[in-house]
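Please examine the sequence and the three-dimensional model shown here before reading on.

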Amino acid sequence: STSTSTSTSTSTSSSALGGCFFSTQAIDVVFLVDTSGSVGVVNFQITQSFVTQMAEMMALSEDGVHAAAVLFNSGASVVSHLTSSTTDFVAAMNAQTYTGNFGTATGSALDFVRDNILTSVAGSRGLATVVYVLTDGKSQDSVTEAAASLKQENNIFVVSIGITSSVRTSELETIASRSSLVYQLNNFEDLTMAFTTSLLDPLCIVYPSTSTSTSTSTSTSSSTSTSTSTSTS
């Protein structure tokens, strides 16, 4: 008898460090960081390290990723407008001191980012943008309209990160662009390197990489395969 078998396998990779071009593609990234009274000095310092570590991993560059940071409690303030310099961004973030002001006005902070960071005057390039919102509690103002206004642009992706059990899940979901971009952590110590790496994945939403391979064996990764066989006896 004669037998012929052909198998083709195509796989798509979106691993942040392995397959996404977050260090070479033009993307604007904004960190919106809660500094309300419940955070505390130690946890604020953990957050500072987390944000600067992310910026370093993104490898800011003139033609690649630009980053900005805003701190908020009952009000909001700019740490850094969008910059292509990792050194400048890290220095600006590390220069911040925890004030412990009370209040968590997340809705107003989202509006602040829209009006003061994501504008051409402030350095926004009008490109794909990822906004990371870090908070440890419930907002004392409504986030619904502010989040909707921020997300109405097709190229803005909002990631919400709730820390401690004091956060409201439904609120995080309202803020985020989609449910897969909602993260809940037990405490600030969970802002680890592994979590930092996982947070780079939203950049893959904007710029995924695709690899295609042809193989005569079954792929062990997630893939779509087709097989045709003809036989004569």
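The following paragraphs go from the chain as a whole to individual elements, residues and spaces.

This is a predicted model, in which local features need pLDDT of at least 70, side-chain atom pairs count only at pLDDT 80 or more, and totals for chains, interfaces and linings use all residues. Residues are numbered from 1 along each chain as its sequence is written, and side-chain values use heavy atoms, with hydrogens and water left out.

The chain contains eight helices and nine strands; helices (H or I, at least four residues) and strands (E, at least two) are DSSP runs, numbered from the N terminus. Of its 233 residues, 45% count as buried, where buried means under 20% relative accessible area, exposed over 50%, and partly exposed in between (1.4 Å probe, protein chains only). Among contacts (heavy atoms within 4.5 Å) between residues at least 6 apart in sequence, 79% join residues at least 24 apart.

Helix 4, residues 106-116, has as its buried residues Thr106, Gly107, Ala109, Leu110 and Val113. Seen down the axis of helix 4, these buried residues fall within an arc of 165°, so they line one face of the helix; the arc is that of the directions from the helix axis to the C-beta atoms. The buried residues of helix 4 pack against strand 2 (27-34), strand 3 (65-72), strand 5 (129-135), helix 5 (144-151) and helix 6 (169-175).

Strand 3 is also joined to strand 4 by a hairpin through three residues. The two strands run antiparallel and are joined by five bridges; strands pair if DSSP finds at least two bridges between them. Ser80 is found in strand 4, residues 76-83, and is the bridge partner of Ala69. With a relative accessible area of 9%, Ser80 is buried. Leaving aside neighbours within four places in sequence, Ser80 is in contact with Ala67, Ala68, Ala69, Phe89, Ala92 and Ile117.

Ala59, in the loop between helix 2 (41-58) and strand 3, has a positive phi of about 55° although it is not a glycine. Thr164, in the loop between strand 6 and helix 6, has a positive phi near 85° and is likewise a residue other than glycine. Ala59 is partly exposed at 34% relative accessible area, and Thr164 is partly exposed at 22%.

The spaces in the model come next. On a 1 Å grid over the protein atoms alone, a cavity is a set of points where a 1.4 Å probe fits but cannot get out, and a pocket is an open set with protein on both sides within 12 Å along at least five of seven lines; lining residues have an atom within 4 Å of a point. Grid points are joined across faces, edges and corners, and a volume is the space filled by probe spheres set on the points.

The largest pocket has a volume of about 170 Å³. Its lining includes Arg114, Gly126, Thr129 and Glu153. Glu153 lies in the loop between helix 5 and strand 6 (156-163) and is partly exposed at 43% relative accessibility. The C-alpha atoms of Glu153 and Gly126, 27 residues apart along the chain, are separated by 9.9 Å.

The structure holds one cavity of 30 Å³ or more. About 40 Å³ of space lies in the largest cavity, whose lining residues include Val33, Asp34, Leu134 and Phe188. Strand 2 and strand 5 are the elements that give two or more residues to this lining.
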